[in-house]
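Dear colleague,

My notes on what was found in it follow directly after.

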Amino acid sequence: MPLPSKPLTRRVTFWLGLGGLVLFVIAGLGADGAAGALAFGGLFVAVCALWGILTTRPWWGRTSRRGATVVGGLALVALVVGGSLGAGVTDDVPAAASSTPAASSAGTARPTATGTASPSAAPTPSAEATASSGATGGSATGTAAAALAELDVKGRAPKTGYDRDAYGPAWADTDHNGCDTRNDILARDLTDETFKSGTHDCVVLTGTLVDPYGGETIHFQRGQDTSTAVQIDHVVALSDSWQKGAQRWDAATRKEFANDPLNLLASDGPLNMSKGDGDAATWLPPNKAFRCDYVARQVAVKHAYGLWVTQAEHDAIADVLATCPGEPLPDEEAATTPVVVAGASSGGSSGESSSSGGGDDASSGTKPATTPKPAPKPTTKPAPKPEPEPADVYYENCTAVRAAGADPIRVGDPGYSTKLDRDGDGVGCE
């Protein structure tokens with residue numbers, strides 16, 4: 001920043017330089033706090049000093065070339081120190097799960113919970129790094145309320161940049177058992193399943209679901225018009241995770257998250273669609289007996305992956321858990337077994353209700369024993385009319401879908417793919 005000999009011009013240049021330094025410091029504060037301010041300020045002064053050294057003329061006042069060299073060196077030190085401090089806050093980030101083959105979808109590994117993610121961190125973990133650190137996946141132990149207290153409470157980040165494709169192909173075979181995740185979860189959560197011949201018991205054709213969200217019994221039949229009766233819900237929605245930390249993950253971690261069986265439940269299709277990407281502050285299952293289990297599973301997933309919650313979401317979860325203070329935090333076993341739905345019977349074979357650990361469970365030891373009110377008999381949806389097994393269908397684009405009369409096309413429909421569902425809401429070619 002050379003200065004002419006005229007005092008007025010020198011003063012103007014000095015104040016312009018000082019103003020530039022202040023702007024850089026403010027920008028650094030906004031980007032990374034004190035570390036950013038030090039790094040940005042050091043960069044600005046270093047550039048000014050370099051100009052003075054190269055031009056051999058006074059810079060920023062009457063500083064000599066030797067003075068410019070000294071100040072420039074100090075500025076470079078400030079730049080390095082600021083950058084190091086900024087890079088040093090990347091602890092407590094989610095690590096990608098190991099991709100070790102497993103016998104079933106329940107074997108999918110998850111990052112070990114080591115705390116909550118730093119808002120300034122930009123993790124790029126890998127499966128190899130997780131394996132080398134000895135992480136075997138799983139959630140923290142204890143109660144859901146205790147784990148909730150450990151989650152960061154922050155505002156929702158912008159949804160800018162969210163794309164379902166950022167979480168990998170829908171229902172990838174992440175555990176390498178030969179079956180895609182959707183069929184793995186159907187096989188886990190349904191009873192009396194039948195499978196398509198020649199698929200090694202991978203493709204589920206029929207079965208019965210006791211829906212945890214509504215408490216109804218649903219007869220599942222795979223087909224063009226019937227598959228959507230049962231959908232696979234991400235308990236912590238992908239879009240919600242993106243706005244609460246997942247945008248900083250690498251692709252491998254997002255893919256594992258999207259296919260983690262702890263975060264997946266087979267559920268009533270219309271109820272799943274009504275939930276959308278809502279969190280606990282905007283949507284809870286109509287089946288109140290399942291709410292404790294539901295929010296506890298959300299807490300377990302967010303705790304394991306270092307996601308945060310909003311204040312409204314935190315308060316909504318806390319209100320539910322207040323009705324079941326001893327609600328345990330779901331562990332690996334919760335990912336391997338179907339939930340037991342309180343107040344509902346499986347396939348109509350029993351009229352007795354089984355508790356899922358909800359607030360009305362008098363036998364859990366968390367509340368004084370009381371005489372429970374008889375649960376209402378669940379509504380059973382009629383089994384859909386069987387139809388021939390559909391052939392594999394492929395649609396190039398939404399024009400082809402509409403021409404075939406298959407719009408809108410939903411998750412589970414033959415021919416559905418994420419390229420037809422750009423907003424990731426499970427319904428394509430709307």
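**Findings from the predicted model**

The largest nonpolar core holds 44 residues, and within this core Y167, Y213 and F257 touch the most other members. The elements giving two or more residues to the core are α4 (144-149), α6 (238-242), α7 (251-258), α9 (291-305), α10 (311-321) and α11 (332-336). Helix α9 supplies the largest share, nine residues. Please bear in mind that the model is predicted.

Beyond its neighbours within four places in sequence, Y213 is in contact with residues including D233, V235, L265, W283, F290 and Y294. There is also a second, separate core of 21 residues, with L209, I218, I232 and V411 among them.

As to the whole protein, there are twelve helices and seven strands. Of the 430 residues, 47% are buried. Among contacts with a separation of 6 or more, 71% join residues 24 or more positions apart.

Helix α10 deserves a separate note. The buried residues of α10 are E313, A316, I317, V320 and L321. Viewed down the helix axis, these residues fall within an arc of 135°, so they line one face of α10. An α-helix has 3.6 residues a turn, so residues three or four places apart point the same way. The cover over the buried residues of α10 includes α4, α6 and α9.

The whole structure contains eleven salt bridges. One of these joins the side chains of R156 and D240, at 3.3 Å from N to O. Because R156 lies in the loop between α4 and α5 (181-189) and D240 in helix α6, the pair ties together parts that are 84 residues apart in sequence. R156 is partly exposed, with a relative accessible area of 38%, whereas D240 is buried at 2%.

R156 also forms a salt bridge with D279, with the closest N and O atoms 2.9 Å apart. This pair links the loop between α8 (269-275) and α9, where D279 lies, to the loop holding R156, 123 residues apart. K302 and D240 form another salt bridge, at 2.9 Å from N to O; K302 is in helix α9 and D240 in helix α6, 62 residues apart. K302 counts as buried, at 2% relative accessibility. R156, D240, K244, D279, K302 and E313 are linked in a network of salt bridges.

F24 is found in helix α1 (residues 7-55) and is partly exposed, at 33% relative accessibility.

With kind regards

Definitions and conventions: Residues are numbered from 1 along each chain as its sequence is written. This is a predicted model: local features need pLDDT of at least 70, side-chain atom pairs count only at pLDDT 80 or more; totals for chains, interfaces and linings use all residues. Side-chain values use heavy atoms; hydrogens and water are left out. Helices (H or I, at least four residues) and strands (E, at least two) are DSSP runs, numbered from the N terminus. Buried means under 20% relative accessible area, exposed over 50%, partly exposed in between (1.4 Å probe, protein chains only). Contact means heavy atoms within 4.5 Å. A nonpolar core is a set of buried Ala, Val, Leu, Ile, Met, Phe, Trp, Tyr and Cys residues joined through side-chain atoms within 4.5 Å. The arc is that of the directions from the helix axis to the C-beta atoms. A salt bridge is a side-chain nitrogen of Lys or Arg within 4 Å of a carboxyl oxygen of Asp or Glu.
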